[in-house]
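Dear colleague,

Please find below the structure that I am handing over to you. My notes on what was found in it follow directly after.

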Amino acid sequence: MGWTADEDWTVSVERHLDPTPLPPAAALTAVWQAVRGLDVGDQQYAALRYLFGTGATETVEAALDGGQLDFPVVLPDSRIMIRVRRGDGRTARQRHGERYRVVQQPRQGRNPGLWTVEDTATGEPVREDGHVLRWGIESSAQSWISRQLARGDYQGKAGHAAAS
């Protein structure tokens with residue numbers, strides 16, 4: 001999934017701000033509100049203010065070229081990490097896994113209600129060779145999803161659904 005300019009950033013400050021998705025300017029403001037009162041030295045304070053306290057997103061945006069910025073802050077008795085990520089902070093693997101959902105079909109006659117995997121992007125059950133995949137137990141359907149994720153990991157991308 002590529003980044004878009006109108007996409008939220010997820011920001012967090014260890015022990016001070018839980019991961020929160022916000023528009024970029026609001027995200028930096030939330031970080032600044034969380035860190036501006038911390039006991040840091042003058043140089044760190046200046047760097048934090050420059051990155052998070054000015055309202056300008058350009059510097060952080062440039063640092064997010066890889067999708068994530070981790071900024072360590074040294075406190076008198078510990079270290080904390082400020083993290084800024086593009087999007088909602090979920091990995092491509094997590095998004096891909098959430099694309100599928102195991103569904104039990106209604107009982108029909110002697111059929112106890114087989115299990116299928118729904119592709120939430122299409123709202124349709126997953127098919128291979130034109131046939132809906134069905135399993136007798138839920139864990140088998142879950143295993144299919146796991147295999148799709150593993151295949152995506154092996155191929156170096158989020159994976160792909162079976163042909164619909």
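Asp129 is exposed, because its relative accessible area is 78%; buried means under 20% relative accessible area, exposed over 50%, and partly exposed in between (1.4 Å probe, protein chains only). Asp129 sits in the loop between strand 8 (127-128) and strand 9 (131-132), and its phi is near 55°, a positive value in a residue other than glycine. Most residues other than glycine have a negative phi. Arg15 also has a positive phi, of about 65°, although it is not a glycine. Arg15 is placed in the loop between strand 1 and strand 2 and counts as exposed, at 57% relative accessibility.

**Basis of the description**

This is a predicted model, in which local features need pLDDT of at least 70 and side-chain atom pairs count only at pLDDT 80 or more, while totals for chains, interfaces and linings use all residues. Residues are numbered from 1 along each chain as its sequence is written, and side-chain values use heavy atoms, with hydrogens and water left out.

**Overall architecture**

The protein has five helices and nine strands; helices (H or I, at least four residues) and strands (E, at least two) are DSSP runs, numbered from the N terminus. Along the sequence, the pattern is β-β-α-α-α-β-β-α-β-β-β-β-β-α. Of the 164 residues, 35% count as buried. Among contacts (heavy atoms within 4.5 Å) with a separation of 6 or more, 40% are accounted for by residues 24 or more positions apart.

Four strands form an open sheet in the order 2-1-4-3, with antiparallel pairing; two strands pair if DSSP finds at least two bridges between them. Strand 2 (17-22) and strand 3 (68-74) stand at the edges with a single partner strand each, so one side of each has no neighbour in the sheet. From one strand to the next, the twist averages 10°.

Strand 1 (residues 9-13) pairs with strand 4 (residues 79-86) in the antiparallel sense over five bridges, and Trp9 has Arg86 of strand 4 as its bridge partner. Strand 1 also pairs with strand 2, in the antiparallel sense over four bridges; there, the bridge partner of Thr10 is Pro21 in strand 2. Strand 1 and strand 2 form a hairpin with three residues between them, and Arg15 lies in the turn.

**Helices on the sheet**

Helix 1 lies across strand 1, strand 2 and strand 4, and runs at about 5° to strand 1. Helix 2 lies across strand 3 and strand 4, at about 155° to strand 3. Axes are lines fitted to C-alpha atoms, for helices over the stretch in contact, and angles run from 0 to 180 degrees between N-to-C directions.

How do the two helices pack against each other? Helix 1 (residues 24-35) and helix 2 (residues 42-53) meet at an angle of about 155°, with their axes 8 Å apart. That makes helix 1 roughly antiparallel to helix 2 (angles under 35 degrees count as roughly parallel, over 145 as roughly antiparallel, 65 to 115 as roughly perpendicular and the rest as oblique). From helix 1, Leu28, Thr29, Val31, Trp32 and Val35 meet Tyr45, Leu48, Arg49, Leu51, Phe52 and Gly53 of helix 2.

**Nonpolar cores**

A nonpolar core is a set of buried Ala, Val, Leu, Ile, Met, Phe, Trp, Tyr and Cys residues joined through side-chain atoms within 4.5 Å. The largest has 25 residues, and those with the most contacts inside it are Leu48, Phe52, Val60, Ile82 and Val84. Strand 1, helix 1, helix 2, strand 3 and strand 4 are the elements that give two or more residues to this core, with the largest share, seven residues, coming from helix 1. Apart from this core lies another, of 11 residues, among them Val102, Trp115, Ile145 and Leu149.

**A buried loop residue**

Thr57 lies in the loop between helix 2 and helix 3 (58-63) and counts as buried, at 14% relative accessibility. Thr57 touches Trp9, Pro24, Ala25 and Leu28, not counting residues up to four places away in sequence. Thr57 and Pro24 are 33 residues apart in sequence and 6.7 Å apart in space, C-alpha to C-alpha.

Strand 6 (residues 115-119) and strand 7 run antiparallel and are joined by two bridges; Asp119 has Glu124 in strand 7 as its bridge partner.

With kind regards
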